[in-house]
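Hello,

Here is the structure I promised to pass on to you. Have a look at it first, and then read my notes below.

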Amino acid sequence: MDFLLLSVVILLILVAEFLNGCTDAPNAIATVVSTRTLSLRIALILATTLNILGAFSGTAVATTIGKSIVQPEAINLTSMGAAMLAIIFWSLFTWRFGLPMSKSHALVASLSGAGLALAGPSALIWEGWAKVLIGLLLSTMLGALGGWILAKFIQSFFSRSHPASAKKTFMRLQLLSSSLMAYSHGSNDSQKFMGAFSLALLIAGLSSTFYVPYWVILICALTMGCGTAIGGMRIIKTVGFKVVHLESYQGFAAETSAASTILLASFFGIPLSTTHTINTAIIGVGLARHKKLVHWNVFFSIVAAWVMTFPVCGIIAYFSAFMLQAFELAGLPILIFLFLGVVYIYDLFLYGFSNWKMSRFKI
């Protein structure tokens, strides 16, 4: 039974990592596609390859996730599975509407919600939560500010350059900045599910101390890469085309600012939201030119998904942990049925509401 439960939990972790590739990793290449610097196919290959390479750059973030968010003894395989179910549900829900979401916040909230269900407030490690809050500030402030400063500098320095020549220069530079962005994403985001995977191995007694084996790094990196290659287009459309219409120099500025912030956080083992970082950097470069260039309704929809991630994932993980504790593996299909039912009912509501609105204008 323990082996079966471990297998199910690892499968859920890999599904969550795959969805991480679908909904989070595409942020790394959204700008290089929107500026027409690279075709979608080449950009996906670039993102997949460099995300995998970035995953091998260290394990500081994975260690923070595995050791510094929830007490290892305050979480078991059942609650770990509940946390992954919460992430999977929220990932599918946001991906359905093409909204990028923060896997960092989803993972932290879900692990915490499941830990609270099992052991109460004593399960939480507040030092780790402090790192998460620092990451939130870094992703929001440094991403936007760095993008704004760099875009302003480029506008001033290249103001007398011929537009065609400047565009060609920044299209070349964007190849470097997008590569750095994809690599930095792998260095931070992929590690989060490596930490969850390694924590599951520790809970199951397959390792005596918390560490991240190389085979775990490889499996998680490849899984995320497959997710990017297969399902990343929806997020690329939202981030790259709908928030701000980007020129090549703006894409370069946004990617450089975001990648620098992410690499800094990865070095200190701070799990930040790469989604927040690149999106706020895009807002920064848009504001550097004119505030009217930012499509604020799209941006606020993205922000709404960010804000809801903590409470939604925490509550779902808390509820799922209780269900799985009560029914064990038999509770898994029940929860999946409930989650799919919620999405279906929501879709029916939207469909019916849109038809009602259209019917008001029919003669």
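Which residues form a nonpolar patch on the surface? They are Leu145, Trp148, Ile149, Leu287, Trp296 and Phe300, with about 570 Å² of accessible area together. Patches are made of residues with over 30% relative accessible area and no salt bridge, where like charges are joined within 9 Å and nonpolar side chains (Val, Leu, Ile, Met, Phe, Trp, Tyr) within 5 Å. A salt bridge here is a side-chain nitrogen of Lys or Arg within 4 Å of a carboxyl oxygen of Asp or Glu. Accessible areas come from the Shrake-Rupley method with a 1.4 Å probe, and for residues only the protein chains shown count as cover.

Before you go further, please note that this is a predicted model, in which local features need pLDDT of at least 70 and side-chain atom pairs count only at pLDDT 80 or more, while totals for chains, interfaces and linings use all residues. Residues are numbered from 1 along each chain as its sequence is written, and side-chain values use heavy atoms, with hydrogens and water left out.

The chain has 14 helices and 0 strands (DSSP runs numbered from the N terminus: helices are H or I with at least four residues, strands E with at least two). Helix α7 (126-157) and helix α13 (296-327) each supply at least two residues of the patch. The most come from α7, with 3 residues, and Phe300 is found in α13.

Now to the inside. Of the 363 residues in the chain, 55% are buried (under 20% relative accessible area, with exposed over 50% and partly exposed in between; 1.4 Å probe, protein chains only). The largest nonpolar core has 65 residues, and Ile13, Met84, Leu111 and Met194 have the most contacts inside it. Such a core is a set of buried Ala, Val, Leu, Ile, Met, Phe, Trp, Tyr and Cys residues joined through side-chain atoms within 4.5 Å. Helix α5 (residues 77-96) gives the largest share of this core, 12 residues.

Thr280 sits in helix α12 (residues 274-289). Why does Thr280 count as buried? Because its relative accessibility is 5%. Leaving out residues up to four places away in sequence, Thr280 touches Ser139, Thr140, Gly143, Ala144 and Trp306 (contact means heavy atoms within 4.5 Å).

Lastly, the confidence: pLDDT (the predictor's confidence in each residue, from 0 to 100) averages 78 over the chain. Over residues 353-363 pLDDT stays under 50, and the model has 0 contacts beyond four places in sequence for them.

Best wishes
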